[in-house]
Amino acid sequence: MPTHSETRTLPYTAQQMYDLVADVASYPQFLPWCAAARIRSVTPVQTEIGAGDEMLADLVISFKVFRERFGSRVVLYPEVKHIDTEYLDGPFKYMKSTWDFADVEGGVDVTFFVDFEFKNILLQKAIGLVFNEAMHRIVAAFETRAQALYR
């Protein structure tokens, strides 16, 4: 189903971009189609990647006539600047995304990957028509937020 992968080099640090993406509660302030965010819990975890924090979060997505809430498990790995997100409940059949942040000369490489499918065929078709544009707008929204916070 729809997948998107993108790497951008931005004039910030890996820590700055990691912190921005990890701040899920702030998403409604700048992300397109994100109407609300709620953090259910944050607990420490240890995985094969390393020590991290598991955040259970709900986002409300509003797109045209559709308004849906979905729950996610977000695992934050601050030492390696990696974020894994997987779907828990809501309108998706499945959803998984990852973020990686690596300091490079002149800034940071930000790598984003998402793979998902909606349960509702109408919603899937609606997003399918604008999927690539929507993913570029989401990544651009994080970039714009970084400009506002860090310049």
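1. **Ground rules.** Because this is a predicted model, local features need pLDDT of at least 70 and side-chain atom pairs count only at pLDDT 80 or more, while totals for chains, interfaces and linings use all residues. Residues are numbered from 1 along each chain as its sequence is written, and side-chain values use heavy atoms, with hydrogens and water left out.

2. **Confidence.** The average pLDDT (the predictor's confidence in each residue, from 0 to 100) is 91 for the protein, and 95% of the residues score at least 70. Helices (H or I, at least four residues) and strands (E, at least two) are DSSP runs, numbered from the N terminus.

3. **The sheet.** Seven strands make an open, antiparallel sheet, in the order β1-β7-β6-β5-β4-β3-β2. Strands count as paired if DSSP finds at least two bridges between them. At the edges are β1 (3–10) and β2 (34–46), each of which pairs on one side only. From one strand to the next, the twist averages 15°; axes here are lines fitted to C-alpha atoms, for helices over the stretch in contact, and angles run from 0 to 180 degrees between N-to-C directions.

4. Strands β6 (residues 92–104) and β7 (residues 107–118) run antiparallel and are joined by 12 bridges. Contact means heavy atoms within 4.5 Å.

5. **The core.** In the largest nonpolar core there are 38 residues, and Y27, I83, F101 and F142 have the most contacts inside it. Such a core is a set of buried Ala, Val, Leu, Ile, Met, Phe, Trp, Tyr and Cys residues joined through side-chain atoms within 4.5 Å. Two or more residues each come from α1, β3, β4, β5, β6, β7 and α2 (121–150). Helix α2 gives the most, with seven residues. In soluble globular proteins, nonpolar side chains tend to be buried together.

6. **Y27 and F142.** The whole structure holds 11 aromatic pairs; rings of Phe, Tyr and Trp (its six-membered ring) pair if their centres lie within 6.5 Å, with planes under 30 degrees apart counted as stacked, over 60 as edge-to-face and the rest as tilted. Y27 and F142 pair edge-to-face, at 5.4 Å centre to centre and 85° between the planes. Y27 is in the loop between α1 and β2 and F142 is in helix α2, so their pair ties together parts 115 residues apart in sequence. Both Y27 and F142 are buried, where buried means under 20% relative accessible area, exposed over 50% and partly exposed in between (1.4 Å probe, protein chains only). Y27 and F142 also belong to one aromatic cluster with Y18, F30, W99, F101 and F112.

7. **Around F92.** Y87 and F92 form an edge-to-face pair too, 5.5 Å centre to centre with 80° between the planes, and both are buried. F118, in strand β7, is 26 residues from F92 in sequence but 4.0 Å away in space, C-alpha to C-alpha. F118 counts as buried at 11% relative accessibility.

8. **S72.** Do look at S72 in strand β4, which is buried with a relative accessible area of 5%. Leaving aside neighbours within four places in sequence, S72 is in contact with M55, L56, A57, T85, E86, L88 and M95.
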